[in-house]
Amino acid sequence: MTTNNPENNLFAKGQKGSADYFTGTVWVAPLLAKDSINNFSIGNVEFEPGARANWHTHPRGQVLIVTDGQGFYQEKGKPAQPIKKGDVINIPPHVEHWHGAAANNRLVHIAITNFENNEFVTWLTAVTDEEYKIVNQTK
Ligand code: MN
């Protein structure tokens, strides 16, 4: 296991993410809202072990900066990519994907999400337990 110390949190934990968009316990803290200068928002997201986002897309892409723990980033039809503290993930527009914690470790990342007008995400189906199990077996 890598660092997994909740006392090292840079930011407030925020609010629990909706079960409509996440499996397991996820904490979402808005850091910066889109405004007339910055056409993106920034948030901090903490996934507890086993937690992950649903499959989703971003109309103008997203950048993740992993600040603690270990987890996965997976694009539809491709093998999952293990990610860890210090990694930066550049997610292209319209690519279906998910990100989340490993089964045995939390994952904390900053998410910088570009907007297209007022849209920044399209939520799709949950990552099933079967899909998630496969990913954790092959890491
Ligand atoms: Mn995303």
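**A first look at the fold**

Trainee: Of the 139 residues of the protein chain, what share counts as buried?
Mentor: Buried means under 20% relative accessible area, with a 1.4 Å probe and protein chains only. In this chain of 139 residues, the buried share is 40%.

Trainee: What kind of model is this?
Mentor: Residues are numbered from 1 along each chain as its sequence is written, and side-chain values use heavy atoms, without hydrogens and water. Local features need pLDDT of at least 70, side-chain atom pairs count only at pLDDT 80 or more, and totals for chains, interfaces and linings use all residues, since the model is predicted.

Trainee: Which elements does the protein chain have, and how many?
Mentor: Elements are DSSP runs: helices (H or I) of at least four residues, strands (E) of at least two. From the N terminus, the order is β-β-β-β-β-β-β-β-β-β-β-β-α. The count is one helix and twelve strands.

Trainee: Why does the radius of gyration agree with a compact globule?
Mentor: The radius is taken over C-alpha atoms, and the globule rule is 2.2 Å times the number of residues to the power 0.38. For 139 residues the rule gives near 14 Å, so the chain agrees, with its radius of 14 Å.

Trainee: Which residue is the bridge partner of Lys16 in β3?
Mentor: Strands pair if DSSP finds at least two bridges between them. Strand β1 (residues 15-16) pairs antiparallel with strand β3 (residues 26-32) over two bridges. The partner of Lys16 is Trp27.

Trainee: Which residue in β4 stands opposite Val28?
Mentor: Six bridges join β3 to strand β4 (residues 40-47), and the two run antiparallel. Opposite Val28 stands Val45.

Definitions and conventions:
Buried means under 20% relative accessible area, exposed over 50%, partly exposed in between (1.4 Å probe, protein chains only).
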